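Open the model in your viewer and keep the selection tool ready. This tour goes from one selection to the next.

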Amino acid sequence: MSRSFTVTARDGAARAGVLRTAHGEVQTPAFMPVGTKATVKSVDPDELHALGAEIVLGNAYHLHFRPGEELIAELGGLHRFMGWDGAILTDSGGFQVFSLRDTLLAADDDGVTFRSVYDGTPERFTPELSARVQERLGSDVAMCLDICPPAGVPRPELEEAVRRTTAWAERQRDLPRAPGQLRFAITQGGLDGELRQRSSNELVALDFDGYAIGGLSVGEHRAPMFDATTDAAAFLPDEKPRYFMGIGDPEGVLEVVARGVDMFDCVLPTRTARTGSALTSEGRLNLRNARFAADERSLDEGCSCPACSRFSRAYIRHLVNQQEILGLRLLSLHNLRFLLDLVAAARLAIERGEFLSWKGEALRRAKGVDE
């Protein structure tokens with residue numbers, strides 16, 4: 001039985017649970033707003049709490065370069081630095097290194113060499129450095145450095161990613177941690193079921209605190225991605241938390257929850273806001289559309305976020321079209337609240353034993369896109 005995670009309800013493969021961290025309990029399924037550079041763009045920590053967030057994500061790659069983990073440690077750690085007293089998960093930097101492929105110079109069994117996205121200077125990440133950065137940041141959940149290949153690479157490249165990811169996880173397993181810090185390993189294997197099982201078996205044998213499903217949502221088609229998620233979750237221990245890296249649209253979130261995933265993150269709510277779009281229970285609204293120019297309704301009926309409780313679609317459209325910062329903030333607050341509410345409702349449906357019927361109705365309503 002995991003000391004840090006408990007499954008409290010099940011409905012088919014979907015599960016509700018509690019992740020216990022050094023900065024409080026996190027109810028799962030849990031959506032993690034992305035605060036890459038120690039901030040969820042345009043949203044302050046009190047607002048995040050009010051929206052219902054219990055855990056946010058920071059990124060070791062970006063924080064290592066700006067402002068540096070030693071400075072953050074000197075100032076009391078990442079929680080104090082960013083004024084957030086809830087849980088924080090830090091990504092290892094592996095996704096950034098391999099997604100910014102034009103900056104990659106070399107990868108070997110020891111680590112990776114790449115050009116910094118900030119100033120172009122050659123830099124090196126090793127499993128030990130990634131673990132050290134996250135220890136100094138003081139996050140509640142630290143991710144292992146892994147290799148995340150893009151979609152469609154040949155099988156030998158997937159095999160190499162699996163082999164090296166396991167070897168790196170072995171090196172990170174017993175490295176020093178911040179007080180109470182949990183460490184998750186990341187499975188690889190793309191859409192290849194046999195490789196995904198190999199990766200999972202090797203990492204599960206190392207007995208980490210939790211496991212992420214990596215190397216999906218990187219450009220592959222949705223249907224095979226969901227099929228791979230079903231397989232990947234089934235290979236992971238029932239009593240440990242499962243984290244799907246990088247999914248945040250309503251359909252994607254509900255489909256991975258249905259397959260037994262407990263945690264997920266994505267920049268989509270705030271990035272969508274910056275394009276002038278709102279996520280709603282009846283689909284995505286493009287507020288730039290002229291049909292909203294005199295629309296007195298709130299973004300989403302029944303939503304109590306700051307945008308919906310005070311302002312009309314017409315006003316928010318005006319802000320968006322005039323490039324006013326308040327428009328971006330209101331849409332960010334709304335989109336985060338929408339996803340956090342959706343996940344909270346999914347949890348309640350699991351507890352009632354009605355998840356599949358609730359999910360079907362939620363997705364049916366949300367089929368409208370970019371009105």
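Select Phe 114: Glu 123 of strand 9 stands opposite. This is a predicted model, where local features need pLDDT of at least 70, side-chain atom pairs count only at pLDDT 80 or more, and totals for chains, interfaces and linings use all residues. Residues are numbered from 1 along each chain as its sequence is written, and side-chain values use heavy atoms, with hydrogens and water left out.

Now show strand 8 (residues 112-115), which runs antiparallel to strand 9 and is joined to strand 9 by four bridges. Strands are DSSP runs of E, at least two residues; helices are runs of H or I, at least four; both are numbered from the N terminus. Strands pair if DSSP finds at least two bridges between them.

Widen to the open antiparallel sheet, order 7-8-9. Strand 7 (104-107) and strand 9 (122-125) have a single partner strand each, so one side of each lacks a neighbour in the sheet. Twist from one strand to the next averages 20 degrees (axes are lines fitted to C-alpha atoms, for helices over the stretch in contact; angles run from 0 to 180 degrees between N-to-C directions).

Next, the parallel open sheet of eight strands: 4-14-13-12-11-10-6-5. Its edges are strand 4 (30-33) and strand 5 (55-59). Here the twist averages 25 degrees. Pick Met 32, opposite Asp 265 in strand 14. Four bridges join strand 4 to strand 14 (residues 263-266) in parallel.

Finish on helix 4 (residues 78-82), which holds Phe 81. Phe 81 is partly exposed, at 35% relative accessible area (between buried, under 20%, and exposed, over 50%; 1.4 Å probe, protein chains only).
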